[in-house]
Amino acid sequence: MQGTDIFNGSNGKVWITTDDNEIELGSMQSFTVHQANNFEDINEADFLGVKKRFLGYEITGTISKFKVDSAIIKIMEQYKDGNTPDITLIGKAYNPNTDSMQVLKVIGVTFTEADLINLEQKTATQEEIPYSAESYKWIALT
């Protein structure tokens with residue numbers, strides 16, 4: 001393995017798509033998509049171990065970005081007004097040294113919380129936006 005084989009966020013991009021808008025988050029600092037698998041324990045007679053039965057999965061993640069626009073606030077306003085926007089995230093990781101690419105579409109996204117205003121003197125404001133999602137689909141995986 002060479003150091004240049006490792007993915008880094010410098011060549012990554014994230015887009016948010018809502019009912020009426022698609023926004024590239026040029027100020028993105030980090031983007032995570034996490035899958036947690038849910039299991040139930042199965043105890044079987046005459047077996048000392050515990051077996052697992054798959055029940056489903058949960059998709060969660062976080063977008064971290066510099067605050068340069070009101071994109072997230074506009075989405076949170078829709079929730080406040082009683083509307084649930086149809087949100088999709090697309091994340092792209094790319095390594096130009098190996099020409100490897102991972103593009104993931106995150107489907108059924110729900111933003112669970114967001115700071116409406118967050119200011120600190122002499123500090124660049126960053127937004128941390130946690131979310132949950134229904135599913136994902138790989139668009140490219142090379």
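Visitor: Hi! Where is phenylalanine 39 found?
Guide: Phenylalanine 39 sits in strand E3. Keep in mind that this is a predicted model.

Visitor: Let's switch to charges. How many salt bridges does the structure hold?
Guide: There are nine salt bridges. One of them joins glutamate 40 and arginine 53, with the closest N and O atoms 2.6 Å apart. That pair links distant parts of the chain, with glutamate 40 in strand E3 and arginine 53 in strand E4 (residues 51-66), 13 residues apart.

Visitor: And how accessible are glutamate 40 and arginine 53?
Guide: Glutamate 40 is partly exposed at 30% relative accessibility, and arginine 53 is partly exposed too, at 48%.

Visitor: What does lysine 65 form with aspartate 69?
Guide: Lysine 65 and aspartate 69 form a salt bridge, and their closest N and O atoms are 3.3 Å apart. Lysine 65 has a relative accessible area of 0%, so lysine 65 is buried. Aspartate 69 counts as partly exposed, at 27%.

Visitor: How about lysine 80, which side chain does that one meet?
Guide: Lysine 80 meets aspartate 81 in a salt bridge of 3.5 Å, N to O. Lysine 80 is exposed, with a relative accessible area of 60%, and aspartate 81 is exposed at 51%.

Visitor: Which residues do salt bridges with shared partners join into one network?
Guide: That network is made of Lys65, Lys67, Asp69 and Glu127.

Visitor: Where do negative charges gather on the surface?
Guide: Asp19, Asp20, Asp86 and Glu134 form a negative surface patch. Aspartate 19 lies in the loop between strand E1 (13-17) and strand E2 (22-24), and aspartate 19 counts as exposed because its relative accessibility is 52%.

Visitor: New topic: how many aromatic pairs are there?
Guide: The count is three aromatic pairs. Among them, phenylalanine 31 and tyrosine 131 are stacked, 6.4 Å centre to centre with 20 degrees between the planes. Phenylalanine 31 is in strand E3 (residues 28-42) and tyrosine 131 in strand E7 (residues 126-133), so this pair links parts of the chain 100 residues apart.

Visitor: Is tyrosine 131 buried or exposed?
Guide: Tyrosine 131 is buried, at 2% relative accessible area, whereas phenylalanine 31 is partly exposed at 23%.

Notes. Residues are numbered from 1 along each chain as its sequence is written. This is a predicted model: local features need pLDDT of at least 70, side-chain atom pairs count only at pLDDT 80 or more; totals for chains, interfaces and linings use all residues. Side-chain values use heavy atoms; hydrogens and water are left out. Patches are made of residues with over 30% relative accessible area and no salt bridge: like charges are joined within 9 Å, nonpolar side chains (Val, Leu, Ile, Met, Phe, Trp, Tyr) within 5 Å. Accessible areas come from the Shrake-Rupley method with a 1.4 Å probe; for residues, only the protein chains shown count as cover. A salt bridge is a side-chain nitrogen of Lys or Arg within 4 Å of a carboxyl oxygen of Asp or Glu. Lys and Arg count as positive and Asp and Glu as negative; His and the chain ends are not counted. The place of a charge is taken as NZ of Lys, CZ of Arg, CG of Asp or CD of Glu. Helices (H or I, at least four residues) and strands (E, at least two) are DSSP runs, numbered from the N terminus. Buried means under 20% relative accessible area, exposed over 50%, partly exposed in between (1.4 Å probe, protein chains only). Rings of Phe, Tyr and Trp (its six-membered ring) pair if their centres lie within 6.5 Å; planes under 30 degrees apart count as stacked, over 60 as edge-to-face and the rest as tilted.
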